[in-house]
Amino acid sequence: MRHIFFDLDNTLWDHRKNALLTLTELFERKQISEIYQLSFQDFHTQYDKVNERLWEMIRDGEIDKDYLRKHRFYDTFLHFGIDDFQLAQYFEYRFLDEIIAHNELVEGSIEILNYLKNKGYTLHIISNGFGEVTHRKIEDSGLSSYFNTITSADDVGVRKPNPKIYDHALGLANAHKSESMLIGDDWIADALGSYQYGMKSIFFNVLNQDYHHQDIVKIDHLREIKNWL
């Protein structure tokens, strides 16, 4: 094993925490509670449901990026009877601009990256996230020095688990399947996707999900990677 490919969001870069911080600020700035008598907790819970489902659909090729960007906040507000597309788009565009001001990392990220670097592994990123923010997340959070290559789904035009994104990433890294592993938090896109492509995979079970496969390692904390590499 020579090449370790990481997913980015919620594997290394704590998207959930950074999104929470950003949405809290936007919610307060637009005085949503006062104007619509809507609590942030209720809003955020519904947003999480809508956003997760839309990302599953974009992963599975059912919708495109533009559909997600038009609907994740609009559908969230609409659930509470707030039919205001302009407000939803304000949230969408400010969210993408402002989330990168928060750069909380998943616990253990720097520790495990240093460990792997010191062991002589070559590290890479394969992200399903939007290209316009992926590189800025890596740069602004101080992660860029760890990675030899960065593959964003927008650069390739497909998303994990589509084999074309793995073809592109391995070609960019000059790596072979037999010497490569992917570590990520999405069972379908990361764990099964890379395994079915022919790579080794580690599933980072952030949400304590009940997935099992005899050939896929499952970890609950990044430091457990040391048990396998």
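I took helices (H or I, at least four residues) and strands (E, at least two) as DSSP runs, numbered from the N terminus. Two strands pair if DSSP finds at least two bridges between them. I looked up Phe6 and found Ile183 as its bridge partner in E4.

The model is predicted, so local features need pLDDT of at least 70 and side-chain atom pairs count only at pLDDT 80 or more, while totals for chains, interfaces and linings use all residues. Residues are numbered from 1 along each chain as its sequence is written, and side-chain values use heavy atoms, without hydrogens and water.

Next I traced the sheet. It is open, has 6 strands in the order E3-E2-E1-E4-E5-E6, and pairs in parallel. Strand E3 (149-152) and strand E6 (217-219) are the edges; each has a single partner strand, so one side of each lacks a neighbour in the sheet. The twist averages 20 degrees from one strand to the next.

Helix H7 (residues 131-140) lies across strand E2 (122-127) and E3, at about 150 degrees to E3. Helix H9 (residues 163-173) lies across E1, E2, E3 and E4, at about 160 degrees to E3. Axes are lines fitted to C-alpha atoms, for helices over the stretch in contact; angles run from 0 to 180 degrees between N-to-C directions.

Last, I looked up Gln31. Gln31 sits in the loop between helix H1 (15-29) and helix H2 (32-36).

Note on methods
Contact means heavy atoms within 4.5 Å.
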